[in-house]
Amino acid sequence: MKEIKLLLLLLVVGLVPWLFKRWSFNLKRKRRRNYYRNTYLKSDEWKRKRYVVLKRDNWKCVYCGKRATQVHHKRYAKKNIGKEPIKWLVSICKSCHDKLH
């Protein structure tokens, strides 16, 4: 009986830091996602960057060649939202963007 209690105690002591770390990570992730969607994508900085990418790709989807209306991130700057280089962004049409997501 003592061994079972000891094992349970060790299990709980080992799980608590892991659970806290996971909870903290998810909380930060939600904050980043909300900032990205609600603030950054509506900023003038993003609008300028979006225009530069669309103009660079001649307003054509890099996947199918149709008229591009959106910009897709090939990679995200996880810690510095909005600091992604232009080369990580491509022009894309809505149907191709929907397929990728």
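A: The mean pLDDT (the predictor's confidence in each residue, from 0 to 100) is 86 for the protein, and 86% of its residues reach 70 or more. This is a predicted model, so to speak of local features pLDDT has to be at least 70, side-chain atom pairs count only at pLDDT 80 or more, and totals for chains, interfaces and linings use all residues. Residues are numbered from 1 along each chain as its sequence is written, and side-chain values use heavy atoms, with hydrogens and water left out.

Q: Where is confidence lowest, and where is it highest?
A: Helix 1 is lowest, at a mean of 78, and strand 2 is highest, at 96. Where pLDDT is low, the predicted coordinates should not be read in detail.

Q: OK, what's the secondary structure of the protein?
A: There are 3 helices and 2 strands, in the order α-α-β-β-α along the sequence. Both kinds are DSSP runs numbered from the N terminus: helices are H or I with at least four residues, strands are E with at least two.

Q: How do strand 1 and strand 2 pair?
A: Antiparallel, over 4 bridges; for two strands to pair, DSSP has to find at least two bridges between them. Strand 1 covers residues 70-73 and strand 2 covers 89-92. H73 sits opposite L89 in strand 2.

Q: How much of the protein is buried?
A: Buried residues are 25% of the 101 in the protein. The protein exposes about 8300 Å², with carbon and sulfur atoms supplying 60% of that. Those areas are Shrake-Rupley with a 1.4 Å probe, and for residues only the protein chains shown count as cover.

Q: Which residues make the nonpolar surface patch?
A: F20, W23 and L27, at about 340 Å². W23 is in helix 1, residues 2-38. Patch residues have over 30% relative accessible area and no salt bridge; like charges are joined within 9 Å, and nonpolar side chains (Val, Leu, Ile, Met, Phe, Trp, Tyr) within 5 Å. A salt bridge here is a side-chain nitrogen of Lys or Arg within 4 Å of a carboxyl oxygen of Asp or Glu.

Q: What about the backbone, where is phi positive in a residue other than glycine?
A: W59 is one of them, with phi near 60°, and N58 has a positive phi of about 60° too. N58 is in the loop between helix 2 (44-56) and strand 1, and W59 is in that loop as well. N58 counts as exposed because its relative accessibility is 56%, while W59 is partly exposed at 31%.

Q: Last one: how far apart are S43 and G82?
A: 39 residues in sequence, and 9.9 Å in space, C-alpha to C-alpha. S43 is in the loop between helix 1 and helix 2, and at 22% relative accessibility S43 counts as partly exposed.

Note on methods: Buried means under 20% relative accessible area, exposed over 50%, partly exposed in between (1.4 Å probe, protein chains only).
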